[in-house]
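Open the model in your viewer and get ready to select a few residues. We will go from stop to stop, and at each one you will find out what is there.

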Amino acid sequence: MNSDYTISTASESDERAKKALPVEGSEDKSDILKLNINIPEILKEPDSIRFFGNAKYDWILTIEANSSEMFHRDSVEKYISNDWRKKVMYPTVYCLPEKSNNWTYLFAGDNEANTFKKFALAWKLYDPIDEPPTVYNEKTLSKFDKLVKKRMKKLKASKLDYNFPIQEASAISNGLSSFVTQNNQWAIIVLKADKEFEGKEIWDVMMSVGLRWGDMDLFHWNNDNREVGDDQLLSVWTSTEPGYFFPEEIAEGNVQTEDLIFGFSIPRSVAPKEVFNVMCEVTDYAQKRLGGQILDGNGNKLDKSAELERIDLILKNLNKESIKSGIGDALYLFQ
């Protein structure tokens with residue numbers, strides 16, 4: 001299948017939009033996009049493990065060299081080759097250079113070290129991006145363990161450490177399968193057209209409220225605080241093919257949609273209830289300009305209280321696991 005997507009910087013997207021259509025709306029309603037929240041303090045990871053696996057949600061096998069003989073890059077790359085990693089479902093490979101106390105990616109472009117005190121293999125115990133996501137059972141992890149030990153002999157390693165024993169790692173993987181599936185939810189509001197929405201009118205509404213066209217050819221409320229939350233606070237797309245918006249096609253009058261879909265990932269948002277309330281205001285404004293019916297993600301009339309209760313339940317589920325939405329482990333687990 002051919003893709004219409006291209007990779008562009010934000011400034012390139014802005015220039016592309018300006019060439020096709022006005023980027024100032026016919027009225028200024030950007031005051032709708034306001035958040036009054038206290039950003040929680042984020043504890044920075046020590047430099048030593050900033051580029052290392054997640055000790056809570058990865059299965060990490062750390063392999064240590066003999067004190068008299070470091071691992072050499074050519075040997076590690078030979079025995080932990082891409083072909084070998086394929087047999088063990090492509091773990092991420094980290095290394096601890098001989099003259100450093102900071103872990104890094106073995107295959108990072110800026111990693112010029114050739115000798116290592118340790119290297120580590122890390123399997124993400126549940127990754128929702130995988131199709132389908134892998135749930136690691138004890139049999140699979142035992143197989144990986146045996147293959148790693150064979151490589152250790154080739155590399156003349158002295159020690160192998162586990163952050164979790166096999167049985168516990170398997171249990172965590174199974175638990176994450178249920179936990180992530182249950183809580184990896186989006187807040188969705190659908191503005192369903194009575195008659196098709198015209199592209200130029202959609203564009204003007206988005207510009208008027210302060211949303212911007214860009215990443216993935218969608219409209220976004222971009223997140224300016226890069227330390228927390230998703231790249232976008234909310235996004236707008238449509239169920240009408242192709243699902244996204246080309247400004248050039250809108251300018252030519254070739255875009256009509258059956259709906260507009262407003263949404264964001266609940267666990268990846270640092271303030272999902274507050275963002276949802278703003279999203280309601282944005283949708284109300286769009287309805288006043290465009291018409292249509294405001295529905296939930298299931299096609300029913302939107303019940304704002306029920307949606308806020310659903311968001312609150314997810315936040316409580318995260319809190320039970322000491323996870324804060326939009327920060328750290330939430331961003332790691334939910335994609």
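## First stop: a buried glutamine

Select Gln-232 in this predicted model: its relative accessible area is 18%, which is under 20%, so Gln-232 counts as buried. Colour strand S10, residues 232–237, and you will see that Gln-232 belongs to this strand. What is Gln-232 in contact with, leaving aside its neighbours within four places in sequence? Show Asp-215, His-220, Trp-221, Asn-222 and Asn-223 to see those partners.

## Second stop: the nonpolar cores

Next, select Trp-59, Phe-119, Met-206, Leu-211, Phe-219 and Leu-260. In the largest nonpolar core, which has 84 residues, these six touch the most other members. In soluble globular proteins, nonpolar side chains tend to be buried together.

Stay with Phe-119 for a moment. Beyond its neighbours within four places in sequence, Phe-119 has contacts that include Leu-61, Ile-63, Phe-71, Val-76, Tyr-94, Trp-103 and Leu-155.

## Third stop: two helix pairs

Two packed helices are described by the angle between their axes and the distance between the axes.

Begin with helix H6, residues 199–209, and keep H8 on screen. Their axes come within 10 Å and cross at roughly 140°, so H6 and H8 are oblique to each other. Their crossing is right-handed. Which residues meet here? From H6, pick Glu-201, Ile-202, Asp-204, Val-205, Ser-208 and Val-209; on the H8 side they meet Val-282, Tyr-285, Ala-286, Arg-289 and Leu-290.

Then move to helix H4, residues 138–155, and helix H5, residues 166–183, whose axes are 9 Å apart at an angle of about 130°. That angle makes H4 oblique to H5. This crossing, too, is right-handed. To see the contact, show Glu-138, Leu-141, Ser-142 and Asp-145 of H4 together with Ile-166, Gln-167, Ala-169 and Ser-170 of H5.

## Last stop: how confident is the prediction?

Colour the chain by pLDDT. The mean is 94, and 97% of the residues reach 70 or more. Where does pLDDT stay under 50? Select residues 1–5 to find that stretch, for which the model has five contacts beyond four places in sequence. Where pLDDT is low, the predicted coordinates should not be read in detail.

Key. Residues numbered from 1 in each chain as written. Predicted model: local features only at pLDDT ≥ 70, side-chain atom pairs only at ≥ 80, totals over all residues. Heavy atoms only, no water. Core = buried A, V, L, I, M, F, W, Y, C linked by side-chain atoms within 4.5 Å. Buried < 20%, exposed > 50% of the residue type's maximum accessible area, 1.4 Å probe, protein only. Contact = heavy atoms within 4.5 Å. pLDDT = per-residue confidence, 0-100. Axes fitted to C-alpha atoms, helices over the stretch in contact; angles between N-to-C directions. Helix = DSSP H or I, 4+ residues; strand = E, 2+ residues; numbered from the N terminus. Parallel < 35°, antiparallel > 145°, perpendicular 65-115°, else oblique. Left-handed = near helix turned anticlockwise from the far one by under 90°.
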